[in-house]
Amino acid sequence: MSKYLLNKFLYTVDRDPSLVERYRSDPRELVTWWEASSANELLNCTDAEASTWLRFDDEERAALIEHDHVRLFEMGAHPFLTLTLFIAMFERDNTEPLEYQKAYGARMAHINLPYPDIAT
Amino acid sequence: MASIVAVIASTHHPFYYKASTATGEDRPPFADEWTRKILAFRETLTRANPDVLVMVGSDHFHQLWLDNMPQFLVGKAPFYDANWYNEEREFGLPRMLLKGQEDLSTHILRAGLDDGFDLAFSNELRIDHSITCPIITLRPEADLPIVPIYTNIFAPPLPQPSRFVKLGESIRRIVESWPSHLRVAVIGTGHLSLELGGPRQFGPHGPDPEFDQRAVEWIANGDLDNCLREVTLDSLHAPGNATHGFMDFMLMMGVAGAGAKADYVDTLDLFHTMEAYFTWYPTSGGVSL
């Protein structure tokens with residue numbers, strides 16, 4: 001299991017407006033494309049110097065494809081990264097202020113301290 | 001030598017800019033009170049008449065990333081572009097450009113390394129809302145040169161709370177040993193109790209009002225003894241999963257000095273978080289209290 005790779009997905013998608021839209025509209029397409037094309041990009045280096053060993057396990061891939069932010073939290077993905085990206089995708093559907101943010105928290109109401117470890 | 005004319009510790013609520021500039025139906029009910037408090041807080045910096053701002057904050061996974069994560073980093077550049085796409089998107093923050101004070105950056109890096117802190121540095125740093133929020137609240141003209149100092153409160157393993165305090169104490173000595181006639185304000189931002197991306201987020205108050213009350217007392221009284229006794233890397237999980245940002249307040253308590261009571265204290269109980277604002281005047285510096 002790679003919390004680092006989950007975080008890398010959330011981080012790199014969040015900072016690219018076109019990827020945010022693709023992840024919202026077709027998560028399976030985006031996650032599949034990202035794992036094949038971007039998971040091994042070493043940021044700040046050329047393509048020829050990409051890493052060779054990074055891939056999701058089945059549970060991680062499924063959580064991302066299903067937009068399952070609760071499962072991502074339980075797997076130890078960094079909560080700030082998940083929240084920021086999911087707000088970018090879904091806050092626009094709010095019918096009142098903070099509607100999505102509150103629902104996001106409410107879906108995690110069953111989770112008690114100590115929270116999953118986010119150390120990478 | 002340079003003089004430290006103000007030490008300021010603050011929360012950095014990214015929604016202040018949007019709330020304070022909103023009009024009509026978009027203006028939230030708490031915006032007027034919030035703005036009044038910020039204007040009073042701003043005056044505590046203005047009347048210190050600083051020439052240079054040392055700005056302590058924390059990168060929120062913008063430029064600093066898990067493939068190369070520094071614990072403490074000092075910017076040394078002539079300019080700093082500021083704010084990021086996702087901060088424009090979520091908080092409506094404007095793009096900004098701040099001048100750097102490279103001589104002071106050089107001095108802090110050399111003296112910090114010699115004082116036992118293996119500081120990372122950056123010659124091209126785009127800063128984020130942990131530093132631009134206090135610029136917006138305290139010096140919206142954004143006209144003073146800065147030295148940004150980033151701390152890792154975000155990506156474990158983190159330095160111990162005591163290390164933040166010691167760095168603050170070191171920054172105090174280092175700035176006061178800078179061979180310059182300039183007047184320096186040291187401004188740092190962090191959090192009280194805060195939850196992000198967890199079940200306790202976006203409640204009607206901060207996730208742990210009792211912690212917030214104790215924290216405000218520690219800071220206002222410079223009570224590092226009790227603060228360091230109660231606060232550990234483990235204990236900070238309990239008030240909220242993003243509460244490790246409180247360690248930047250502890251760093252600022254180190255700058256202000258053990259036992260130093262703040263000259264100005266204010267708070268604002270908002271949804272999601274308790275806002276808190278503190279100013280110390282370490283030297284008279286021409287400020288009439």
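Here is a tour that goes from whole chains to single residues. Keep in mind that this is a predicted model.

**Stop 1: chain A on its own**

You'll find 7 helices and 0 strands, and reading along the sequence gives the pattern α-α-α-α-α-α-α. The radius of gyration of chain A is 15 Å, close to the 14 Å that the globule rule gives for 120 residues, so chain A is as compact as a globular protein of that length. Buried residues make up 27% of the 120 residues in chain A. Among contacts in chain A with a separation of 6 or more, 61% are between residues 24 or more positions apart.

**Stop 2: two helices crossing in chain A**

Now pick out helix H1 (3-14) and helix H6 (79-90) of chain A. Their axes are 9 Å apart and meet at an angle of about 40°. That makes H1(A) oblique to H6(A). H1(A) passes H6(A) in a left-handed crossing. Show side chains where they touch: H1(A) brings A:Asn7, A:Leu10, A:Tyr11, A:Val13 and A:Asp14, while H6(A) brings A:Leu81, A:Thr82, A:Thr84, A:Leu85 and A:Ala88. Sorted by class, this contact has 6 nonpolar, 3 polar and 1 charged residues.

**Stop 3: chain B on its own**

How many helices and strands does chain B have? The count is 9 helices and 10 strands. With a radius of gyration of 17 Å, close to the 19 Å that the globule rule gives for 289 residues, chain B is as compact as a globular protein of that length. Its C-alpha atoms fill a box of roughly 50 × 45 × 40 Å along the principal axes. Buried residues make up 52% of the 289 residues in chain B. Of the contacts in chain B between residues at least 6 apart in sequence, 82% join residues at least 24 apart.

**Stop 4: a covered helix**

Select residues 129-138 of chain B, which form helix H5. Is this helix mostly covered or mostly uncovered? Mostly covered: 10 of its 10 residues are buried. Among them are B:Ile131, B:Cys133, B:Pro134 and B:Leu138.

**Stop 5: another helix pair**

Staying in chain B, select helix H6 (residues 161-176) and helix H9 (residues 246-256). They pack at an angle of about 40°, with their axes 6 Å apart. The crossing of H6(B) and H9(B) is right-handed. Residues making this contact include B:Phe164, B:Leu167 and B:Ile171 from H6(B), and B:Met247, B:Leu251 and B:Val255 from H9(B). By class, the contact has 11 nonpolar, 2 polar and 4 charged residues.

**Stop 6: where the chains meet**

Bring chain A back. Here 30 residues of chain A are in contact with 22 residues of chain B. Helices H1, H6 and H7 (99-106) of chain A each supply at least two residues to the side that touches chain B. H6(A) gives the most, with 8 residues. That side of chain A divides into 21 nonpolar, 6 polar and 3 charged residues.

Next, zoom in on B:Leu196, in the loop between strand E8 (183-190) and helix H7 (209-221) of chain B. B:Leu196 is buried, with 26 other C-beta atoms within 10 Å. What does B:Leu196 touch, leaving out residues up to four places away in sequence? From chain A, the list has A:Pro79, A:Phe80 and A:Leu83; from chain B, it has B:Gln201, B:Asn241 and B:Ala242.

**Stop 7**

Most residues other than glycine have a negative phi, and most peptide bonds are trans. With that in mind, select A:Leu113 and A:Pro114, joined by a cis peptide bond with omega of about -5°. A:Pro114 sits in the segment after H7 of chain A. Over in chain B, a cis peptide bond joins B:Pro156 and B:Pro157, with omega of about 10°.

A:Leu98 is partly exposed, with 15 other C-beta atoms within 10 Å. Finish at B:Phe61, with a positive phi of about 50°. B:Phe61 lies in the loop between strand E2 (52-57) and strand E3 (72-75) of chain B, and with 23 C-beta neighbours inside 10 Å it counts as buried.

Note on methods
Residues are numbered from 1 along each chain as its sequence is written. Chains are lettered from A and ligands numbered from 1 in the order in which they are written. This is a predicted model: local features need pLDDT of at least 70, side-chain atom pairs count only at pLDDT 80 or more; totals for chains, interfaces and linings use all residues. Two residues are in contact if their C-beta atoms, placed from the backbone, lie within 7 Å. Helices (H or I, at least four residues) and strands (E, at least two) are DSSP runs, numbered from the N terminus. Ala, Val, Leu, Ile, Met, Phe, Trp, Tyr, Cys and Pro count as nonpolar, Asp, Glu, Lys and Arg as charged, and the others, Gly among them, as polar. The radius of gyration is taken over C-alpha atoms; the globule rule is 2.2 Å times the number of residues to the power 0.38. A residue is buried if 20 or more other C-beta atoms lie within 10 Å of its own, exposed if 12 or fewer, and partly exposed in between; C-beta atoms are placed from the backbone. Axes are lines fitted to C-alpha atoms, for helices over the stretch in contact, and angles run from 0 to 180 degrees between N-to-C directions. Angles under 35 degrees count as roughly parallel, over 145 as roughly antiparallel, 65 to 115 as roughly perpendicular and the rest as oblique. A crossing is left-handed if the near helix is turned anticlockwise from the far one by less than a right angle, and right-handed if clockwise.
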